[in-house]
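Good morning, colleagues. I would ask you to look at the sequence and the structure together while I take you through a few points.

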Amino acid sequence: MNCASGDFCGLISAEHCSSGQECVCEPSIFNMTNLLRGCIRSWCQVKQIEKRDSVLTSKNQIERLTRPGSSYFNLNPFEVLQIDPEVTDEEIKKRFRQLSILVHPDKNQDDADRAQKAFEAVDKAYKLLLDQEQKKRALDVIQAGKEYVEHTVKERKKQLKKEGKPTNVEEDDPELFKQAVYKQTMKLFAELEIKRKEREAKEMHERKRQREEEIEAQEKAKREREWQKNFEESRDGRVDSWRNFQANTKGKKEKKNRTFLRPPKVKMEQRE
């Protein structure tokens, strides 16, 4: 599944990438199998780009930081700043100053939109590495990727030896070993990003649910207050109505029960 650009955009669903622009699909649908395949396909291309961009020019750096798939390439702050994980904080600051000047939108008004995105990527990576806790997490991810590759190579060699075969593997080549580490590290950063997005979505859904419950509770309390208010305001009217009703009923009963003495009818005598 390659997009029109033939670049890293092909690692994600092709239907989202036919334009050749940077993918914007949600991490939850990020295909890790395609990620691994794409890392292999894009390794040489990435290295060529990095070699070309080793000459610090605004155009090259903006292209590197905004190329298709950059939202995933840029998850590794050391890759963004093009520095080794072992560099000092002073070297990180120096590199940040170099790159931020090169890609600053004010310096690239003919490509201001992409320059702004590139500047934001550089700034985000720098701030992340200034935070020692965040920096340690990034270093842990890189170390985990390296250790995974080393373990995998060791197990493959062990299996080959058990089968009586030569224990030479392609990762014996330093460049291919770096490729494998790069691929695994990128996978780990992507997995962490997916989990972060899923966690954010879950938290957002929970906040929305709680807010809806709060609104419902407020509406219910409002309805109860209004009912109570109307009930209190109409109490006098109900009491007066009841009193009038009672008075009318009592009057009718008294009238009904009242007896009058009437003289007996005189029966006329008839003479013969």
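Let me begin with a term: a residue is called buried when its relative accessible area is under 20%, and exposed when that area is over 50%. Please bear in mind that this is a predicted model.

By that cut-off, Phe-96 counts as buried, because its relative accessibility is 13%. Tyr-126 has a relative accessible area of 13% and is therefore buried.

How many aromatic pairs are there? The count comes to 1 aromatic pair. The pair consists of Phe-96 and Tyr-126, whose ring centres are 4.0 Å apart and whose planes stand at 5°, so the pair is stacked. Phe-96 belongs to helix α5, whereas Tyr-126 belongs to helix α6, residues 112–130, so the pair ties together parts that lie 30 residues apart in sequence.

Is Leu-81 buried or exposed? Leu-81 counts as buried, because its relative accessibility is 0%. From Leu-81 to Tyr-126 the separation is 45 residues in sequence, yet 7.7 Å in space, C-alpha to C-alpha.

Finally, the surface. Which residues gather there in a patch of negative charge? They are Asp-84, Glu-86, Glu-90 and Glu-91.

Thank you for your attention.

How values were computed
Residues are numbered from 1 along each chain as its sequence is written. This is a predicted model: local features need pLDDT of at least 70, side-chain atom pairs count only at pLDDT 80 or more; totals for chains, interfaces and linings use all residues. Side-chain values use heavy atoms; hydrogens and water are left out. Patches are made of residues with over 30% relative accessible area and no salt bridge: like charges are joined within 9 Å, nonpolar side chains (Val, Leu, Ile, Met, Phe, Trp, Tyr) within 5 Å. Accessible areas come from the Shrake-Rupley method with a 1.4 Å probe; for residues, only the protein chains shown count as cover. A salt bridge is a side-chain nitrogen of Lys or Arg within 4 Å of a carboxyl oxygen of Asp or Glu. Lys and Arg count as positive and Asp and Glu as negative; His and the chain ends are not counted. The place of a charge is taken as NZ of Lys, CZ of Arg, CG of Asp or CD of Glu. Rings of Phe, Tyr and Trp (its six-membered ring) pair if their centres lie within 6.5 Å; planes under 30 degrees apart count as stacked, over 60 as edge-to-face and the rest as tilted. Helices (H or I, at least four residues) and strands (E, at least two) are DSSP runs, numbered from the N terminus. Buried means under 20% relative accessible area, exposed over 50%, partly exposed in between (1.4 Å probe, protein chains only).
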